[in-house]
Amino acid sequence: MNLTDRVAVITGGAGGIGAALAHRFAAEGAAAVVVADLDADAARAVAAAVGPVAHAAGLDVTVEEQVRALVADTERRYGHIDLFCANAGVATAAGLDAADADWDRAWRVNVLAHVHSTRAVLPGMLARGQGYLLHTCSAAGLLTAVGDAPYTATKHAAVGLAEWLAVTYRDQGIRVSALCPQGVDTPMLAEGLATGHLGARVIAASGAVLHPDRVADAVIAGLAEERFLILPHPEVAQHALRRAEDPDGWQAGLRKLVRRLRA
Ligand SMILES: NC(=O)c1ccc[n+]([C@@H]2O[C@H](COP(=O)([O-])OP(=O)(O)OC[C@H]3O[C@@H](n4cnc5c(N)ncnc54)[C@H](O)[C@@H]3O)[C@@H](O)[C@H]2O)c1
């Protein structure tokens, strides 16, 4: 898919990767870009900066009625949705000791919201025989986010759900991509680095921390090729291969890196 004349919705659009996607989709000639976020003021600021094709919406992706209302409103305004980007996400920076409320929030934002948005957007896409779902997962969904158990578990679930959707609906014209970046220079990672969180330091030590615009480049290329896995950090494919071939060896390597950073 290319973005020319397309109608796109981006949740988490007020943040680093989502905002970069909004700018890039508009630059690629999208007809409409809906910037949706919990932070409605920030979403409005991003939409204003993107220009007249952009429109802001405040919503909490964990509330299914709000997601349904966003989809219905967008379809009313623009006739249909070509591309739905389920991009909002949260990290917890906690291990097994994460409070149940944090596990619950990670599950609701990182996984269940993808279920809700797909349920809302799919009928219109199936009726047209076409549509594209871009789910922002993470390299953590293919590997492991050191120091963040809820993030790791829920991002693995997000990749699993995206793959299930791709297998189930591709023959009905629905294309699905799972966006799996490693380190990206956004408020989410900056917060982790500022507090010295081990996971953020492992990410920084594992490879390049990309500007969100480079993630947008990878998304444009991945959508054009209609590729399931979009990996802005190509080395993640090598890590995933190594992990699949030799899980024990891969874990040993990661533990070694963690020991080095702790020393
Ligand atoms: N930054 C990274 O290193 C990195 C790496 C891999 C994957 N990701 C994923 O990329 C996505 C975007 O993250 P980012 O790095 O741009 O972080 P970010 O914190 O800048 O952006 C996340 C956005 O999601 C919004 N959001 C959070 N909860 C929401 C809710 N309940 N309803 C609506 N909006 C909500 C936030 O307000 C924020 O604007 C996330 O899914 C994240 O897990 C980030």
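## Briefing: an aromatic pair, salt bridges and a ligand site

A search of the whole structure, which is a predicted model, finds one aromatic pair. The rings of Trp164 and Tyr169 have centres 6.2 Å apart and planes at 80°, so this pair is edge-to-face, given that planes over 60 degrees apart count as such. The points below turn to the ligand, the annotated domain and the salt bridges.

**Ligand surroundings**

- There are 27 residues around the ligand, and those that come nearest are Ile17, Asp37, Tyr151, Gln182 and Thr186.
- On its own the ligand has 830 Å² of accessible area, of which the protein covers 91%.
- Helix H1 (16–27), helix H5 (149–169) and helix H6 (187–194) are the elements that give two or more residues to the shell around the ligand.
- By residue class, the shell around the ligand is made up of 14 nonpolar, 10 polar and three charged residues.

**Annotated domain**

- According to an unreviewed UniProt entry, the annotation "domain: Ketoreductase" covers residues 6–182.
- In the model, residues 6–182 are 50% helix and 18% strand, and the end C-alpha atoms of this span lie 28 Å apart.

**Salt bridges**

- A search of the whole structure finds 15 salt bridges, including one in which the side chains of Arg6 and Asp82 meet at 3.6 Å, N to O.
- Arg6 lies in the segment before strand S1 (7–11), whereas Asp82 belongs to the loop between helix H3 (64–78) and strand S4 (83–86), so the pair ties together parts that are 76 residues apart in sequence.

Technical notes: Residues are numbered from 1 along each chain as its sequence is written. This is a predicted model: local features need pLDDT of at least 70, side-chain atom pairs count only at pLDDT 80 or more; totals for chains, interfaces and linings use all residues. Side-chain values use heavy atoms; hydrogens and water are left out. A residue is near a molecule or strand if one of its heavy atoms lies within 4 Å of it. Accessible areas come from the Shrake-Rupley method with a 1.4 Å probe; for residues, only the protein chains shown count as cover. Helices (H or I, at least four residues) and strands (E, at least two) are DSSP runs, numbered from the N terminus. Ala, Val, Leu, Ile, Met, Phe, Trp, Tyr, Cys and Pro count as nonpolar, Asp, Glu, Lys and Arg as charged, and the others, Gly among them, as polar. UniProt positions are given in the numbering used here, feature names are shortened, and annotations may be inferred rather than shown by experiment. Rings of Phe, Tyr and Trp (its six-membered ring) pair if their centres lie within 6.5 Å; planes under 30 degrees apart count as stacked, over 60 as edge-to-face and the rest as tilted. A salt bridge is a side-chain nitrogen of Lys or Arg within 4 Å of a carboxyl oxygen of Asp or Glu.
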